[in-house]
Amino acid sequence: MDTKMGKLGWGLIGCGDISRKRVAPALRDLENCDFVGVCRGRPALAAAFAKEFDARKSFADWKSLLADDETKAVYIATPVNQHVAQTIAAAEAGKHVLCEKPLGLTVDECDRMIDACRAHRVHLGVAYYRHFYPIIDRIKRILASGEVGKPAIVQINAFERFDPAADDPRTWLLNKAEAGGGPMFSFGCHRIELMLNVFGPIKNASGFIANIRYDTEVEDTSAAMLEFASGARGMLTVTHAAFETLDTVNIYGTAGSLHVPVLNGAELIVRTADGERRESYPPHGNIHLPLVRDFTQAVLSNRPPGVGGDVGREVARLEEIIYGNR
């Protein structure tokens, strides 16, 4: 691995909201990251972004960034429909790829991305950053201990109102060709990854999508029923339409239950025959930083990343089933 003083040279493709709030600060702050450059269609804005986050270079397009010799890995933070072309091109240029979620619009796109990265011997990761939440690790340890018995039911609700103005830069999320789908695609995918991580393989799935409040190209409401190979059952409900905001995880076992009132929060409630206790496991202040750190360490030590392309593909497979039941 050609690195600079034990660091991995990073390029950032896409300078949107997530990049500004989380990705660029992580690339700047992590000791084993060398933030080489960023690209954006407007050169002046690319240069300003690079200066703001201490990246050494700016590029007017992503192909120029991929041609840069100091860039050894790229974080792809563009709309979903751009992921496949940019990932394949990055692999062909010998760059490791950490790609925003969902990995691709379809399973076929995911396969092409995985094959390209494998063929060119570069790592492929997917930005399911909740995989690295301390509260998720704690849940897995409690389940493994048997304290709440055998998991029977997991219920996840993710309700987030989204009705952007016409000039909002995130309106692309309502464009089916760019985003692939509505809330099940944009943030339901995070919860599917969570359930795969905690409960293992899913052998059967079904679901529905609907437009209850908004007349948009993508659904505003969706639900999925999932059957795990372990025998447990899962229910995932996501919506842009509800008045109330929810971000809950509830796990019911044969000897107790686990409750997360806010997935992006810190509190875990454990209930068993011995009573109820409350524990606290806050996420990192920059919730993307542990993800970027893990991927960087994976490349530098030549090990698989914590969330690889196979996970992105499996989420895409389940999404296709959910969206197929229209």
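**Close-up views of a predicted model**

**View 1. Strands β7 and β11 pair in the antiparallel sense.** Strand β7 (residues 151-159) and strand β11 (residues 246-253) are joined over 8 bridges. Two strands count as paired if DSSP finds at least two bridges between them. Helices (H or I, at least four residues) and strands (E, at least two) are DSSP runs, numbered from the N terminus. The model is predicted: local features need pLDDT of at least 70, side-chain atom pairs count only at pLDDT 80 or more, and totals for chains, interfaces and linings use all residues. Residues are numbered from 1 along each chain as its sequence is written, and side-chain values use heavy atoms, with hydrogens and water left out.

**View 2. An open sheet of 8 strands has mixed pairing.** The order is β8-β9-β10-β7-β11-β12-β13-β14. β8 (202-210) and β14 (275-280) are the edge strands, and each pairs on one side only. On average, neighbouring strands of this sheet are turned by 10 degrees against each other, direction ignored. Axes here are lines fitted to C-alpha atoms, for helices over the stretch in contact, and angles run from 0 to 180 degrees between N-to-C directions.

View 3. Contact means heavy atoms within 4.5 Å.

**View 4. β4 pairs with β1 and with β5.** β1 and β4 run parallel, joined by 4 bridges. Ile 13 stands opposite Ile 76 in β4. β4 and strand β5 (residues 96-99) also run parallel, with 4 bridges. Here Ala 73 stands opposite His 96 in β5. Ala 73 and Tyr 75 point one way from β4, Val 74 and Ile 76 the other way, and all are buried. Buried means under 20% relative accessible area, exposed over 50%, partly exposed in between (1.4 Å probe, protein chains only).

**View 5. Helix α1 bends at Val 23.** The bend is about 35 degrees, and Pro 25 follows within four residues. It is the angle between axes fitted to the seven residues ending there and the seven starting there. Buried residues of α1 include Val 23, Pro 25 and Leu 27. What covers the buried residues of α1 includes β2 (33-39), α2 (43-52) and α10 (289-301).
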